[in-house]
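Me: I would like to go through this structure with the definitions beside each value. Please show it before we start.

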Amino acid sequence: MAKEVLIEFQNISKTFGSIVANDKVCMDVMRGEILSVLGENGCGKTTLMNMLAGIYYPDGGRILIHGKEVTIHSPKDAFDQKIGMIHQHFKLIPVFTATENVVLGVKNGSRYNLKNAKKTIGEMCERYGFHIDPDKKIYEMSVSEKQTVEIIKVLYRGADILILDEPTAVLTPQEIEKLFAVLRAMRDDGKSIIIITHKLNEVMEISDRVSVLRKGHHIATIETKDTNVQELTEMMVGKKITLNIDREQVKDPADRLVINDLNCTNADGVKTLDHVSFVARSGEILGIAGIAGSGQKELLEAIAGLQKLDSGEIIFHRPKKDLPVSFFHKTFKQVTDLAAEGKFHYEDGTPVDLTGKSKKEIRSLVNDGKILFNEDEIMNLRDKTPLQIRELGVRLSFVPEDRLGMGLVGNMDIIDNMMLRSYRKGKSILVNRKRPESLADQVVKGLEVVTPDLHTPVRKLSGGNVQKVLVGREISSAPKVLMAAYPVRGLDINSSYLIYNLLSKQKEDGAAVIFVGEDLDVLLGLCDRILVLNAGRVTGIVDARSVTKEEIGFMMTKTGA
Amino acid sequence: MEQNKEPVSAPKQHRGLPFHIIKRVNIPIWKKITIYAVAIVGGLLLSSLICAGLAGKNPLDYFTYLFKGAFGTERKIWLMLLDAALLLGASMALIPAFKMRFWNLGGNGQMLVACLSAYSLSYFLGDKVPEWLLILLMFACSILSGIVWSLIPALFKAFFNTNETLFTLMMNYIATGIVLYCRASWITSGSAQFPTLTKGTLPEIYNNMLPTVAIFVLLTLFMFVYLKYSKHGYEISVVGESVNTAKYIGINVKKVIIRTMILSGAIAGLVGFILIARTGPGLSSDTPNNMGFTAIMTSWLANFSPLLLFLSCFFISFITRGMSQVQQGFGLTNNSIISIVTGLIYFCVIACSFFINYKIVFRKKEGK
Amino acid sequence: MLTNFLIGAIALGVVLLYGCLGETLMEKAGQLNLGIPGIMCMGTAGGCFGAAQYMNGLAAAEDAAWLPLILISICFSILFSVLTGLIYAFLTVTLRCNQNITGLAITTFGTGLSQFIMDPVYVPRDRFGAASALFAKGFVNDPDANGVLRIFFSHGVFVYLAIALAVLFAYVLKRTRLGLHLSAVGESPAVADAVGINVTAYKYGAILIGSAVAGFGGLFYTMDYLKGSWENASTIEAFGWLAIALVIFTLWRPNLSIFGSILFGALLIAAFVLGGSSSQKELLKLLPYVITVLVLVFTSIRNKKENQPPAHLGLNYFREER
């Protein structure tokens, strides 16, 4: 089949402030092909496609369709050129139904008639093999259903060129297979499909050609069958990198966090956690896999004291056996009470009896470190607020998914963000910014955060640097439990590896690390054990060194108990 | 496939506007000041033309009168400073709330209930208790009633996330209604005014204005330190920027909302007390003189920073005082010209926030 | 007495209904406009200005005819409120300034300017008695007619116009493409933009039409309800705030607004009808505000998904936001 050139980019440039997103990019798209646009996060691939879709307008260069120059000022112009884009963050209105979303913005001269629209949608579904309930509200849909609505929306507008931005990021392996089948059906129907991605295996599997972008430059466009993963990786990152993550064997694991039968229901009455039980051990990384929205968020937030639970226990084991008692976490009364219960012993092993001893004597015994615990301390963290958990002396760190909306305050500078956890220290009513400042300095230097100075609001930093600030703060307290939700989302490869190494380091230092990830390769390479969540239930806890991706994918998606 | 193509020229023509708008990342401080200055001067020029046009006078006289009205005599300067100080107080009652993104439009009501309780004490107890005790009682009750009035919406916001914008606004009208009710039930003579009283007047120091000015200047400095350097202030900022972050680090958001609104109400109460007790107590439903609303503008103009408030409150008082002179000098009988001019200047300053946040970039010309 | 009470309730309700419809339209487009009180004042001033121009152009007040008077008033009212709305639209939509602050400035400006225009120098009101009689002319004008007939047919044209507009708005929002697009702009301008809906045009359209409609409220109140008298802008301002609250009460649905506003009208007029001492009247006058507060509290406690404000209400849209 003779391929004809459909779209040409000529010297397209785009800058945002001082950041050059695209620099004189030249490439083309053929009719009836699947083209992958490959590149790391921040390489400008989405920006380039956004210019084709009319979201941005290029600062320089031109776009040709069928050899004729076109100006695409708005998404509407793009539709007029039969171009439709499916964005990573779905552009759907939650309170509208599927049909309402599909017909939105379409002015085809006919009267507004939702019934006809539904019929057309039904026909399309049949043609390409979709399934969708046209009257379902978007907020009741799963991610995969929403994506289907997006594709229908674009087709309904008669698009011949479909751009999909990271379409597989939130899908299960099985859903990806279905999507790919649909895409092939559309290609065979004569449509051109552009997939923006950074996943090499998918590039190899689905695309006819691949264009590689790096730091805003077009590196090359090649036939997929003429290349391999290694070559593409080199083009993508510019230098050869090992895809292996250093993983130490687990040393002296001890139960750190015992989760017992957690149940949780959200505001809409949907069960988000369903009898979840597991143990997180010190010195290991426990990965949590699952489709987005399977209860990962609720689980971590429950442990962090941010989520109300219906039932269950969160038991923290504080390593105290044979360690001295201090007044740091215990009041004088607590010490005498615990002593009366026989919870302490002296260095020589004899039990502690404090009856008859004066306050002064007891104080000096404790302060000299003479009194030791018999066993680990056990405390239930359920229904404790984050503040109470802190006051109990539990060193629990949490890197939430929403960095600027939860973990950090975007408009505050690095110093003020450093003291979010620690500002309460001391009796003064004024805050002390000296210590946070030196911590900020350490983090910036230690993790190579790129920032003009410590007084820059964190929202002005790039994604990777924001994450470094957040992780830096969270590990600065030498946590006993470290939870991280999607810590590398949106980060480039180098930053991602830095984060992986930081997590591994925490594990080697004896922390119990809980890592929620979406990239199964990373989960398999980084974690020691993997827990799979599926619709709020634990469908498996497996050894990461022996399990396969397919097995995990199956556990993520199987239905019925 | 080779990518070496002929060098292409820039597109010949773009549909639409010859420029586009981009968001600024940073703006140098001098540029910011220039933009504000241009906006204010522009607003003043515009209003000078309108006033002079209406009166058929020389627009330059507008400025003469404006400055005469504000700085003409020592007394005028003091009056303006007094206005500015009271406005500072009213703004101070709003700023902590605004900092935590609590849209408190209820300044008027909070001040008014404070005025009412101070006045009623003087009205009923004026002859029965010694003056010092009366003033003390008035002080305490004003502050207390200011707190009550701000606490009601705060509690509902904290516990049910009730829309505070409209709630506080309605509280203004309820306060006004209560004042009118008191007037109707206390004053049986049918007079439409509360009598002016003499009991419960603060002792006159210097020109009777200096103490008020001093109090609110000190209060503003206190607020600056409170918001910027105290743990409470830090919590307010975190809650304002992101409730989720606040919860994540264990801040009790409800407590912060309630505590901050108590502070707000107390300051509004203090302003109410001074409005009543500075001169002989007199009361009308209009005693706060709409400062609750003006303060919203001054606070926003000052970007919620107590130090910049000195400027914005001073500026607004300057305009108001100056404008009454302009009105007199131009022979404009209609009082509302002051709100029109203030409104126009607001528009100019509001509009300049665009130029601070965004930048207009003209498309590159051909051949580049 | 009940008849008069209901007639009064409908009349005052219509004042609120206009404001509420205007604000509903804007809020559907994601614009929280706290300038409604100012816009209502400007609409009043404009309409009165037009009416005065017409009346004083006549040889005698008796020559006044219904249609030209109403048309001229409406045109001037629309002109004034739309110009005021245009300032708001330009500042918040084009220049993307803070909606709350801009709205408050509009209210300051609008109340002030309307007060200025209503000066007898610009709007002489000596013939307003005759003009207001025309404004208030209903189908049934005999005060002794059957009560039911009077409740439904004794009102001036603006009452029926308000109801018609409410029904029209309800239909447009619920059943037409235009309504779907408008809701989309208020729910998520980014989505609307992406499917080719001109967000700016919809926002401007909603603000300008909403302003025109809101402006009628004040005009009706002054020319019909108050028989052409004008004290100051603050009464209309208070109506404006209540109208904004009413939008929440009626869940952004124009058909519910009809009943909500008549209910509020009844509360407002209760003080005058129920009588009592002057102090009791003052307390009764508080009712609408207290009820509004209760409604705010009640809706916030119930918090149902379909009864939420437009998701992007009060936020400005900038396409290239990264």
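Me: What separates the centres of domain 1 of chain B and domain 2 of chain B?

Reply: The model is predicted, with local features needing pLDDT of at least 70 and side-chain atom pairs pLDDT 80 or more, while totals for chains, interfaces and linings use all residues. Residues are numbered from 1 along each chain as its sequence is written, and chains are lettered from A in the order in which they are written. The centres, taken over C-alpha atoms, are separated by 30 Å. The domains are 19–56 + 333–368 for domain 1 and 80–326 for domain 2, with bounds from an automatic or database domain assignment.

Me: What makes residues of domain 1 and domain 2 of chain B count as in contact, and how many are there?

Reply: Two residues are in contact if their C-beta atoms, placed from the backbone, lie within 7 Å, and by that criterion seven residues of domain 1 of chain B touch seven residues of domain 2 of chain B. Helix α13 (residues 337–357) of chain B gives six residues, the largest share of the domain 1 side, where helices are DSSP runs of H or I with at least four residues, numbered from the N terminus.

Me: Which values describe the packing of α12 and α14 of chain C?

Reply: Helix α12 (residues 254–274) and helix α14 (residues 287–302) of chain C pack at about 145°, with axes 8 Å apart; the axes are lines fitted to C-alpha atoms over the stretch in contact, and angles run from 0 to 180 degrees between N-to-C directions.

Me: Why are the residues of the contact of α12(C) with α14(C) called nonpolar?

Reply: Phe264(C), Leu267(C), Leu268(C) and Ala270(C) meet Leu287(C), Pro288(C) and Ile291(C). Because Ala, Leu, Ile, Phe and Pro are among the residues that count as nonpolar, the contact has seven nonpolar, no polar and no charged residues.

Technical notes. Helix = DSSP H or I, 4+ residues; strand = E, 2+ residues; numbered from the N terminus.
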